[in-house]
Amino acid sequence: MTIDIMYKLPSSSGAILIPSIVIIFSLLLWKKLAKTSNSEVVHPKDTVIFHQPGRGPFAPSLSPFVVKLETYLRMAKIPYQNVHDSIRGSKGKIPWIEYNDVTIPDSQLIIEYLNKLRDVDLNKHLTEEQQAVAVAFQRMVDEHTYWLMVINRWKYDSEMREFKLSNWSWLKLTIARWFVNSQTHQQGLGRHNKEEVMAILNKDFHSLSTYLGKKKYIFGDIPSELDSSIFGQLSQFRWHLPLSDITDLFQRYQNLDQYCQQMKNAFWPDWNDCVKYPVDENSGIVKNKTNGTTF
């Protein structure tokens, strides 16, 4: 078998061959996933066709940006239809949308596009200073806190339960772990040790918790666009990262846990229909919707 031969190679050859095979597999997988859609399906007018992967096990998606965008669409009451596929948008990213034959990639660019096109303004109640704060927090959670989530998910979560429940194969997980860890190293945060990573993450959580305080939403009783970004990222920590360090964070910052529940109840009344494994909040029993088994 190929594996036996690889293990018998001299250490210098093996050190070159094994990473090379991983790189080749990674590039092939990336090429497959990065292909764009040539769909000629006719979609209803003025309806967002939302391309995203399949539903997540305990939150609507394993992608925080999918949760962010879908939450925004619900907040803005924009009609949309989900298309669950693995096809990536023109920038090689997920999610992306089609709207009246126009394709737009990137969750934040999509939001800005729809705001302008449909005259949506979820921030109209904010002061100029609050709008500046909103931009800063949105950049923090989407471009900083996100990477800390990725590191915890792919480096520290050895079980990978959520991905296994989403039917990811061992090969796909192995390739993805290698590829993502390489990305986090290049980004910079992946060069820190676990203690440093958790200290940095704690500062992000502390900042969000301090600003949120006892408010219903981040700026008060009325939700804003920023809430979709914050909820998108926190949803992954809250429902898709069963690590003791993450649980400790939510125990330390209980208002963030309450905030997640508030956003879920307000904009996802059909939450259990949008996850693969609904959890009974009272008993903690998890049910497999496919075959009805519990665990």
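Predicted model: local features only at pLDDT ≥ 70, side-chain atom pairs only at ≥ 80, totals over all residues.
Visitor: Hi! Where does α3 run, and what length does it reach?
Guide: Helix α3 covers residues 64–75, and its 12 residues reach 16 Å from the first C-alpha to the last. That is close to the 16 Å expected at 1.5 Å a residue.

Visitor: And what comes after α3?
Guide: α3 is followed by Lys-77, which has a positive phi, near 55°.

Visitor: How many of the α3 residues are buried?
Guide: 12 of 12, so the helix is mostly covered, with buried meaning under 20% relative accessible area.

Visitor: Okay, what does Lys-68 pair with?
Guide: Lys-68 makes a salt bridge with Asp-142, at 2.6 Å from N to O. Asp-142 sits in helix α5 (residues 128–156) and Lys-68 in α3, so this pair ties together parts that are 74 residues apart in sequence. Both Asp-142 and Lys-68 are buried.

Visitor: Switching to Arg-74, is that residue buried or exposed?
Guide: Arg-74 counts as buried, at 17% relative accessibility.

Visitor: Which residue forms a salt bridge with Arg-74?
Guide: Asp-270 is one of its partners, with the closest N and O atoms 2.7 Å apart. Arg-74 lies in α3 and Asp-270 in the segment after α11 (254–267), so the two link parts 196 residues apart in sequence. Asp-270 is partly exposed, at 26% relative accessible area.

Visitor: What about Glu-70 and Arg-74?
Guide: Their side chains meet in a salt bridge too, at 3.8 Å from N to O. Within α3 they are four residues apart, about one turn of the helix. Glu-70 is buried, at 1% relative accessible area.

Visitor: Which residues make up the network?
Guide: Salt bridges link Arg-55, Glu-70, Arg-74 and Asp-270. The structure holds eight salt bridges.

Notes: Residues numbered from 1 in each chain as written. Heavy atoms only, no water. Expected span 1.5 Å × (residues − 1). Buried < 20%, exposed > 50% of the residue type's maximum accessible area, 1.4 Å probe, protein only. Salt bridge = Lys/Arg side-chain N within 4 Å of Asp/Glu carboxyl O.
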